Amino acid sequence: MRKIFWILVMQLVALLPCMAQDVADTDEASVEADSAAIDTARSGMSMLPWPQSLRHNLDRLAASSMFATSQLAMMVYDLSADSVLYALNERQLMRPASTMKLITAITAIDKLGGSYQFNTDLCYTGKVEQNTLNGNIYCVGGFDPRFNSDDMRAFVEAIRKMGVDTIRGNIYADKSMKDDNLYGEGWCWDDDNPVLSPLLVSRKDAFVGRFVDMLREAGIVVDASLGEARKPSDAFCICHRFHTMDQVLLRMLKDSDNLYAEAMFYQLAASSGNRPATAKDARSVVRHLVTKLGLRADGYAFADGSGLSLYNYVSAELEMAMLKYAYRNNNIMLHLRPSLPIAATDGTLRHRMSGPFTNGNVVAKTGTLTGISSLAGYCKSANGHDLAFVILNQGLRHTRNGRAFQDKVCQELCRP
């Protein structure tokens, strides 16, 4: 019996390596099967049609942990196919920051036209006798944010060409184009806010004083009182300086210049025919376009033209409607698109999105306020379709995270 027992033990020991090898082969086979399943899943995802794969990738980006403590509204539209590609919280009201300038710009081009001018006039009453102007001079402001020293020298030269070497009377600033509110509603006191005067020189509300200084530098005696008054209807205008819609749009959008945006906003206000024009008048023009686009204007809040105000509330759906409207109107796109920042090229996007698919492809308006980061504009996808996109981030602790997210979204929109 003992001999039989040891024979059985020896046979069992001989079988152990084979049993171990069988177990090992089974485990390895399971791992290979799991890996194959994963590879198949990945391959299947990459084989999805472009719209579905894009939505999957945007969903993945939108699942970032940063949105556990902040808000995101996003919309992507295929302009070529006339269809929504992606929408997330697109009707949620958000503060737009400087993407508000897109709404102002599109409304202004639509209402005023691309040939519109921002004007400043020099007029006078009285008579010129023996090289002396006995009368009043009126500097009439039309809220031209680009009026500078060269323009002022043209005013001085116009006086000289009249043969005037002495001015006796009054020199008035005519600021009747708009109300006397120098700041916008909902602006923070500690922001670098522009002064909303319709008569500026080099961005400063010191027009008449600067004019007098330059007159005296030119050798003209100024024996006049300074003040504010409206130009009478019988005044003679001797110099007209202006800047074009495109000149103002370029700086307003490329550099996100708040003064230029507010000047544009008050041109909308003045188009109502009211004097003095008010921000309320401008809002009325914006709301009219919103209604024309098929949206309820009373569902949004428009406070200013630049996006500085914390009282602005819009949605990604609204900004998308504006972008679509502009895209379908050649008269608007002719002026809007060249004024938008270009990725990795100029404006507020010159240091962003330098990758091969986004560089020079993305044209969009940026927006940044404390806790807010936004981006809205156009790009072309790898399949040649024109896309429009709106990305609104709010409640961000670090706005650079918002910008990084936007750049990744644009990368997904543009890459093959």
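**Close-up views of a predicted model**

**View 1. The lining of the largest pocket divides into six nonpolar, 11 polar and five charged residues.** Asp, Glu, Lys and Arg count as charged, Ala, Val, Leu, Ile, Met, Phe, Trp, Tyr, Cys and Pro as nonpolar, and the others, Gly among them, as polar. The model is predicted, local features need pLDDT of at least 70, side-chain atom pairs count only at pLDDT 80 or more, and totals for chains, interfaces and linings use all residues. Residues are numbered from 1 along each chain as its sequence is written, and side-chain values use heavy atoms, with hydrogens and water left out. The volume of the largest pocket is about 380 Å³. Ser98, Ser256, Asp257, Asn258 and Leu308 are the closest to its centre among the 22 lining residues. At least two lining residues come from each of α7 (258–270) and β8 (363–369), and β8 gives the most, with four. A pocket is an open set of points on a 1 Å grid over the protein atoms alone, where a 1.4 Å probe fits, with protein on both sides within 12 Å along at least five of seven lines; lining residues have an atom within 4 Å of a point. Points are joined across faces, edges and corners, and a volume is the space filled by probe spheres set on them. Helices (H or I, at least four residues) and strands (E, at least two) are DSSP runs numbered from the N terminus.

**View 2. The second largest pocket holds about 280 Å³ of space.** It is lined by 16 residues, of which Val140, Gly141, Gly142, Met177 and Arg275 are the closest to its centre. β3 (117–129), β4 (132–141) and α7 each supply at least two lining residues, and β3 has the largest share, four residues. By class, the lining comprises four nonpolar, seven polar and five charged residues.

**View 3. The peptide bond from Arg275 to Pro276 is cis.** Its omega is near -5°. Pro276 sits in the loop between α7 and α8 (279–292).

**View 4. Helix α11 spans residues 399–414.** Its 16 residues reach 23 Å from first C-alpha to last, close to the 22 Å expected (1.5 Å times one less than the number of residues).

**View 5. The largest nonpolar core has 68 residues.** Such a core is a set of buried Ala, Val, Leu, Ile, Met, Phe, Trp, Tyr and Cys residues joined through side-chain atoms within 4.5 Å. Val290, Phe302, Leu336 and Tyr378 have the most contacts inside the largest core, and α7 provides its largest share, 10 residues. Another core, of 27 residues, lies apart from it and includes Val76, Leu387, Ile391 and Leu413.

**View 6. Asp82 and Gln130 have positive phi although neither is a glycine.** Asp82, with phi of about 55°, is in the loop between β1 and β2 (83–88) and counts as partly exposed because its relative accessibility is 46%. Gln130, with phi near 50°, is in the loop between β3 and β4; its relative accessibility is 77%, so it counts as exposed.

Technical notes
Buried < 20%, exposed > 50% of the residue type's maximum accessible area, 1.4 Å probe, protein only.
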